[in-house]
Amino acid sequence: GTWWPKGMDFRAHVDEFCDEKLKPAKDDVRETLVSLVDDPNWVTRVYAMECIMRLYPDDAERLLTPLAKDDTVLKGWNAEGEITIAAAVAEFIADGAQ
């Protein structure tokens, strides 16, 4: 596939996939997404992470526990620059706590 490493292009692409492709079947895809959180492929983990955050925000903190220490660097995810998967999860959790 293609990867967009600048700005927030990669994240926008993943968000569109979650919203357009998975949201209509969110009850059916939940188990699959949860099973992919610890996948060896970092791109798969990122798709699972973001879709879980978007589709199941109330359960995301618990479901994303395996990613809490994932130091894989994401480019194209944050407007300020590089961020790790763990930092993206922590940011989501912090934003939800406000």
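This is a predicted model: local features need pLDDT of at least 70, side-chain atom pairs count only at pLDDT 80 or more; totals for chains, interfaces and linings use all residues.
Reader: Ok, at what angle do α1 and α3 pack?

Author: Helix α1 (residues 9–22) and helix α3 (residues 42–55) pack at about 60 degrees, and their axes are 9 Å apart. Helices (H or I, at least four residues) are DSSP runs, as are strands (E, at least two), and they are numbered from the N terminus. The axes are lines fitted to C-alpha atoms, for helices over the stretch in contact, with angles that run from 0 to 180 degrees between N-to-C directions.

Reader: Which word describes α1 relative to α3?

Author: That angle makes α1 oblique to α3; angles under 35 degrees count as roughly parallel, over 145 as roughly antiparallel, 65 to 115 as roughly perpendicular and the rest as oblique. The crossing of α1 past α3 is right-handed, a label given if the near helix is turned clockwise from the far one by less than a right angle, with anticlockwise being left-handed.

Reader: Which residues make the contact?

Author: On the α1 side they are F10, R11, H13, V14, D15, F17, C18, D19 and L22, and on the α3 side W42, V43, V46, Y47, E50, C51, R54 and L55, where contact means heavy atoms within 4.5 Å. By class, this contact of α1 with α3 has eleven nonpolar, one polar and five charged residues. For those classes, Ala, Val, Leu, Ile, Met, Phe, Trp, Tyr, Cys and Pro count as nonpolar, Asp, Glu, Lys and Arg as charged, and the others, Gly among them, as polar.

Reader: And α2 against α3, how do their axes cross?

Author: The axes of helix α2 (residues 26–35) and α3 come within 10 Å and cross at roughly 140 degrees, which makes α2 oblique to α3 as well. The crossing of α2 and α3 is left-handed. K26, L33 and V34 of α2 meet A48, C51, I52 and L55 of α3, and the residues of that contact divide into six nonpolar, no polar and one charged.

Reader: Switching to rings, how many aromatic pairs are there in the whole structure?

Author: A search of the whole structure finds four aromatic pairs, counting rings of Phe, Tyr and Trp (its six-membered ring) whose centres lie within 6.5 Å, with planes under 30 degrees apart called stacked, over 60 edge-to-face and the rest tilted. F10 and Y47 form one of these, an edge-to-face pair at 6.4 Å centre to centre with 70 degrees between the planes. This pair links distant parts of the chain, since F10 is in helix α1 and Y47 in helix α3, 37 residues apart.

Reader: What about F17 and Y47?

Author: Their ring centres are 5.4 Å apart and their planes are at 80 degrees, so the F17 and Y47 pair is edge-to-face. F17 lies in helix α1 and Y47 in helix α3, so this pair ties together parts 30 residues apart in sequence. Ring pairs link F10, F17, W42, Y47 and W77 into a cluster.

Reader: Is F10 buried or exposed?

Author: F10 is buried, with a relative accessible area of 2%, whereas F17 counts as partly exposed at 32% relative accessibility. Buried means under 20% relative accessible area, exposed over 50% and partly exposed in between (1.4 Å probe, protein chains only).

Reader: Where does L36 sit, and what does L36 touch?

Author: L36 is in the loop between α2 and α3 and, at 26% relative accessibility, counts as partly exposed. Leaving aside neighbours within four places in sequence, L36 is in contact with T44, R45 and A48.

Reader: Last one, where are A90 and G96?

Author: A90 is in helix α5 (residues 85–97), and G96 lies in helix α5 too. A90 is partly exposed, with a relative accessible area of 44%, while G96 is exposed, with a value of 64%. A90 and E61 are 29 residues apart in sequence and 8.7 Å apart in space, C-alpha to C-alpha.

Terms used. Residues are numbered from 1 along each chain as its sequence is written. Side-chain values use heavy atoms; hydrogens and water are left out.
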